[in-house]
Amino acid sequence: MYRLTIRSYILLLLSCLLPIAAQAQLKATPFSILEERQRGGNHFTQGLYFDGQRWWESSGLYRRSWLAEYTDPSEKPVRRKWLPGRLFAEGLTVLGDKLYLLTYKAGELHIYNASNLQHLEVKQYNGEGWGLTSDGESLIMSNGSNKLTYRDPDTFEVKRQLKVHGAGEVWSNLNELEFAEGLIWANIWQDSRIIAIDPISGQVRGAVDLNRLNPDVRKHPDTVANGIAWDKKRNGLWVTGKFWKQLYLIRPEGLGFRKRAAQ
């Protein structure tokens with residue numbers, strides 16, 4: 001009788017927890033494609049930023065890394081800076097009149113004048129650099145783990161760390177970042193999804209699966225989705241990937257993005 005009671009209790013508990021676990025699983029957020037632009041397929045895209053008029057992009061790999069500015073990413077760059085061969089370019093962001101560029105393993109943050117890509121200074125940091133964005137006050141950095149680091153834009157000193165969690169998954173390999181509509185969007189290395197992260201709690205609020213946009217039907221490990229840029233005026237996100245020949249302007253259904261009224 002006692003054993004039967006315990007068994008019944010366990011079954012009742014499981015029956016209560018299963019629906020909660022099912023609800024915790026992250027469902028892909030639908031999105032619409034607003035525009036597609038063609039470009040060369042030799043971009044090992046690490047960082048992407050759009051201010052409404054100009055674009056900046058960083059492309060990685062040793063002895064092949066560069067930083068470029070465009071007025072149209074489907075055309076040749078207005079200007080391009082090649083990095084020394086010892087450096088592997090990673091994520092970038094623009095805050096005020098400065099552009100900030102991470103490096104992979106060198107522990108160097110390179111700071112440029114955003115208007116002409118004049119190199120200004122270098123800041124040091126420990127560990128690897130992957131993605132970079134800004135909430136308008138702090139720089140927010142990823143290093144391939146499940147943590148995001150808020151840093152002071154003047155000193156690059158650590159202000160706080162944010163653990164990314166929730167939605168029924170264990171998160172890691174957080175890569176390129178973009179701050180849009182009050183959320184931090186992140187690429188995940190070797191994952192076709194971009195996720196939306198609450199900047200206060202670190203809770204994952206949603207995900208958009210870009211798998212159908214990947215032009216490589218063979219799914220080579222290098223042709224992963226990477227690169228997110230907020231287009232505030234057009235109410236969407238520009239997304240691309242390493243060695244992709246396309247950029248797509250997408251609009252997720254929700255997660256801060258509003259539907260346009262019918263014309």
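Q: What classes of residue are in the lining of the second largest pocket?
A: Five nonpolar, two polar and two charged residues. (Ala, Val, Leu, Ile, Met, Phe, Trp, Tyr, Cys and Pro count as nonpolar, Asp, Glu, Lys and Arg as charged, and the others, Gly among them, as polar.) Bear in mind that this is a predicted model: local features need pLDDT of at least 70, side-chain atom pairs count only at pLDDT 80 or more, and totals for chains, interfaces and linings use all residues. Residues are numbered from 1 along each chain as its sequence is written, and side-chain values use heavy atoms, with hydrogens and water left out.

Q: Which residues line that second largest pocket?
A: Phe44, Gln46, Phe88, Glu90, Tyr104, Trp130, Asn175, Trp189 and Lys242. A pocket here is an open set of points on a 1 Å grid over the protein atoms alone, where a 1.4 Å probe fits, with protein on both sides within 12 Å along at least five of seven lines; lining residues have an atom within 4 Å of a point.

Q: And what volume does it have?
A: About 150 Å³ for the second largest pocket, while the largest pocket has about 330 Å³. (Volume is the space filled by probe spheres set on the points, which are joined across faces, edges and corners.)

Q: OK, the largest pocket then. How many residues line it, and which lie nearest its centre?
A: There are 21, and Tyr49, Phe50, Asp51, Glu178 and Trp230 lie nearest the centre. By class, the lining of the largest pocket has eight nonpolar, six polar and seven charged residues.

Q: Which strand gives the largest share of that lining?
A: Strand 6, with three residues. Strands 2 (45-50), 6 (89-95), 10 (132-134), 14 (174-180) and 18 each supply at least two. (Strands are DSSP runs of E, at least two residues; helices are H or I, at least four; both are numbered from the N terminus.)

Q: How many helices and strands are there in the protein chain?
A: One helix and 20 strands.

Q: Switching topic: which residues touch the most other members in the largest nonpolar core?
A: Trp185, Ile194, Leu210, Leu213, Leu237, Val239 and Ile250, out of 19 residues in that core. Strand 18 (225-231) is one of the strands that each supply at least two of its residues, and strand 18 gives the most, three. (A nonpolar core is a set of buried Ala, Val, Leu, Ile, Met, Phe, Trp, Tyr and Cys residues joined through side-chain atoms within 4.5 Å.)

Q: Why does Leu213 count as buried?
A: Because its relative accessibility is 4%. Buried means under 20% relative accessible area, exposed over 50%, partly exposed in between (1.4 Å probe, protein chains only).

Q: Where is Leu213, and what does it touch?
A: Leu213 is in the loop between strand 17 (204-209) and strand 18. Not counting residues up to four places away in sequence, Leu213 touches Phe31, Ile33, Val239, Trp244, Tyr248 and Ile250. (A contact is heavy atoms within 4.5 Å.)

Q: What about Arg86, buried or exposed?
A: Exposed, because the relative accessible area of Arg86 is 52%. Arg86 is in the loop between strand 5 (79-82) and strand 6. Leaving aside neighbours within four places in sequence, Arg86 is in contact with Tyr62, Ala106 and Glu108.

Q: And how much of the whole chain is buried?
A: Buried residues make up 49% of the 263 residues.
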